Amino acid sequence: QVSRCKVQPCPGGPQRARGSVIGNINDVEFGVALLNATVFDSPETSTRIIQAQISNVPRSIGPAMRKLVSILNPIYWTTAKEIGEAVNGYSLTEGVFRRETQVEFATGEILRMTHIARGLDSDGALLLDIVVNGYVLQLPSSVNLNVKDYTEDYIQIGPGQIYAYSTRMFTVDDASVPYSWNHTITYSPNRGRMPFLVETLHATSIAAEYSPLDEILEYKIHAIITKGDRSNQCPNGFALDSVGPYCSDEDECAFRKPCSHICHNAMGTYYCSCPKGLTISADGRTCQDIDECALGGHTCHAGQDCENTIGSYRCVVRCGIGFRRTLEGLSCQDINECQESHPCQHRCLNTIGSYRCVCNRGYQLRGRRCMDINECRQNVCQPDQQCKNTRGGFRCIDLCPSGMTKAENGSCIDINECRDGTHQCRYNQICENTQGSYRCVCPRGYRSQGVGRPCLDINECENKEPCQHDCKNTAGSYQCLCPSGYRLMPNGKACHDVDECLEQNIHCGANHMCFNMRGSYQCIDTPCPPKYQRDPGTGFCLKNCPPNDLECALSPYALEYKLVALPFGIAANQDLIRLVAYTHDGVMHPRTIFYMVDEDPTIPFAIRDENLKGVVFTIRPLREPQTYRMKVRASSYSVDGNIEYQTTFIVYIAVSAYPY
C-alpha cells in the first residue's frame, strides 16, 4: 500500500488554499465555483502575497464581485505576515474556524457570507467552504474599478470568539463608494486567545480582474497583521471583561438610551429605528415625521387633499373658495366672511361661498369701499338756499341768515357786532362775538343780570366757604384770613401754625423750654430736682445719688419733659403720644408699667401699657382751648420683681382754640 506523506505546513501558515463557493448574488445562482489560492512572501516588502482564482463565476455578476476581496478574508487572515508578537489566523486556530461576514454598501445593498475552514488537507492546503447570499452594487465590466488599501481591527470578545470590522472604499471611474464589513469568528476555546486585545490586519496593493471569456475572477492582495494602535484597550462600543481579559460588547441601548424611539444593539455599536410613518433624522438617533403628502406617498383620489399627520396622513375633501372643511374632513361648510374677516366698510351680507358689501344711505359702493354721494350736484335745495354736502347726506342753508351779511363774492360772512359798536353790552359787561350773533359776559368773580345791565360781584364767602378760618369778600374775588399765630399756606385757603420758638429763635433761659403751641408759644419752667443733672444730649434730668443715700436711691432715676400741641376737637379714645423708659445703657427696658401720679379727674387724658410703652390717649373729646399738665411715672422691674428703674414724665398738652 502506498500512502501520501503528511506534509507539515511552513511557519506562518499554509502556502495553498482550496475550496468551493456556492450561493446567489443579486438573485443569480452561480452553482459551484472553485477557489484556488497560493501564498508566498514578497521579495520586495515585508508582506505576504495571496493570489487567488475563482472559476465558474457567471458573467452577470463577475464584474460586480471584483470589489468583494473579503471573500478571501479567511485566507489572508490565516496566512498574513506576522509582525512582532501578533499572530495570524492559522497560529491562533490551526485553520479550523467559522466566520460570518456582512457587507453593507452605502447604496443600501447587503451581502452575507459564511466561511467554514476545515483545517489542512494531506497536501498542507487550507480547506475552505464559502456560502454567499445577498446583493451587491451592480457594475458593468467596462468600468474602471479600484479597491483602496484598508485595515481591519480584530477584537477578542470572548473565549474562542473574535469580532472584526472595517470601513473601506472603492472607486468607480474616479467616483468613490464606501462600504463596511464586519466579521464574527468562532474557533475552539482550547486554542487560547490573541496576545493582544486588538490586532490590526493591513491589506495593500489590492488587484481584482474578471475574465468574461473564461468566467474566472482573480484577486491579488498583500497582507500583514500587527498589534492594534491601542492593543490593550477596548475600542468604543466595547467594555473590558477582566476574566479573559476580553472586550465584551457594550449594550448602549440599555445604558445610554440614545434613541428617541427604538434602539437596536449591535456588536460594538447600535442603531436606531422608527415606527411606521416616521423616519430617522440626520443625527441617526431621533425620529421625524414622514410627510407623505409632500413626498407623494399617499393614495388620495382626485377631488381630495392630503393632510399630513404625525406618523401617517389622511385624505380629506377638497373645498372651493369660500368654503372650509369640517373637522372630520368629509364635507365642506360655508365661510361667513362677514363675521370672521369683516371685509366691508359699512354692512356685509354673507352668501353661500362668498359675501356682498352694502352701503348706508347717502353712499355708493366702489369696489369694497363706500364713497359719499354729493347730493348738492343734483340741485336738491331751493334757489334761495345754499346746499352743503355732509357725510351720507346734505344740508340746505338759507342765504345770509340773521347776523350775517353778503360779501363781495356773494357769500355770507359773520357781522362782528362787538367791533362795529352795534352790541347792547353796557357798564362792566364784556362783548364776545359769536357766529351770527354776540353775547355779553361778565368778568371773573361777577355774575350777569342780563344784556345791558351791570354785572354784580359774587360773594364767594357766602357760597363756597372756601377758607379754613375766615373769608373776606373783595371786588371780583375773595381773601382768606388766619388767626394770630397762623399764616396762610401757599394754596391761599388753609392756615398753618407759626413756630415762634424756631423762627424767632426764642431763648427762655436756664431750666426753661420754649413750648410752641398752635397759634402761640409759652416758656415752660422745666427745672431738674435736687440731686439731678440735665443730660446735655437728651435734655433729660438724670439722678446722681451719693453713696449710701438710700432715700435718693429709691427716688425716680430720670425726669423727662414732654410738650404736645393739639388742635381743637380731637375725639375720645384717640392715641396721642407713646412714652418709653430706658435703662442706664439707653436700651428700652423690657419690664415697665406706666401710671399717672396725682391723677386729676378734670384732665381728659389717661395712660395704658402697650408693647412695653405708655400710650397717652383721650378719654373725652377736646372741646376747650386749654393747657394741661400731667405727671406719669414709669416703674421698671428686674427679673426677680424688684423695682430697678423709675422714670418720671412731666407732659404738657396744649389744646388750640382751632381745629387746625
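# A tour of the chain, stop by stop

Start by selecting Asp-27, which sits in the loop between strand S1 (16-25) and strand S2 (28-29). Strands here are DSSP runs of E with at least two residues, and helices are runs of H or I with at least four, both numbered from the N terminus. The model is a predicted one, in which local features need pLDDT of at least 70, side-chain atom pairs count only at pLDDT 80 or more, and totals for chains, interfaces and linings use all residues. Residues are numbered from 1 along each chain as its sequence is written, and side-chain values use heavy atoms, with hydrogens and water left out.

Asp-27 is exposed, at a relative accessible area of 59%. The classes are buried (under 20% relative accessible area), exposed (over 50%) and partly exposed (in between), with a 1.4 Å probe and protein chains only. Its phi is positive, about 65°, although Asp-27 is not a glycine. Most residues other than glycine have a negative phi.

**The whole chain**

Zoom out to show everything. The chain holds 9 helices and 51 strands. Its radius of gyration is 59 Å, well over the 26 Å from the globule rule for 660 residues, so the chain is more spread out than a compact globule. That radius is taken over C-alpha atoms, and the rule is 2.2 Å times the number of residues to the power 0.38. Along its principal axes the C-alpha trace spans about 160 × 125 × 50 Å. Of the 660 residues, 38% are buried.

**Thr-107**

Next, select Thr-107, in the loop between strand S6 (96-105) and strand S7 (110-120). Thr-107 counts as partly exposed, at 48% relative accessibility.

**Asn-146**

Move to Asn-146 in strand S9 (residues 145-147). With a relative accessible area of 33%, Asn-146 is partly exposed. Which residues does Asn-146 touch, not counting those up to four places away in sequence? They are Met-169, Phe-170 and Thr-171, where contact means heavy atoms within 4.5 Å. Show Lys-67 as well: 79 residues separate Lys-67 from Asn-146 along the chain, and their C-alpha atoms are 7.9 Å apart.

**The cores**

Together with Ile-71 and Tyr-219, Phe-170 has the most contacts inside the largest nonpolar core, which has 63 residues. A nonpolar core is a set of buried Ala, Val, Leu, Ile, Met, Phe, Trp, Tyr and Cys residues joined through side-chain atoms within 4.5 Å. Select Tyr-219 and its contacts beyond four places in sequence, including Ile-50, Met-65, Leu-68, Ile-71 and Ala-207. Apart from this core lies another, of 21 residues, among them Leu-579, Met-596, Met-630 and Ile-653.

Go on to Thr-526, in the loop between strand S42 (520-525) and strand S43 (532-534). Is Thr-526 buried or exposed? Thr-526 is buried, with a relative accessible area of 0%. Leaving aside neighbours within four places in sequence, Thr-526 is in contact with Asn-511, His-512, Met-513, Arg-534 and Tyr-561.

Finish at Asn-573, in the loop between strand S45 (558-566) and strand S46 (575-579). Asn-573 is exposed, with a relative accessible area of 58%. Its phi is near 65°, a positive value in a residue other than glycine.
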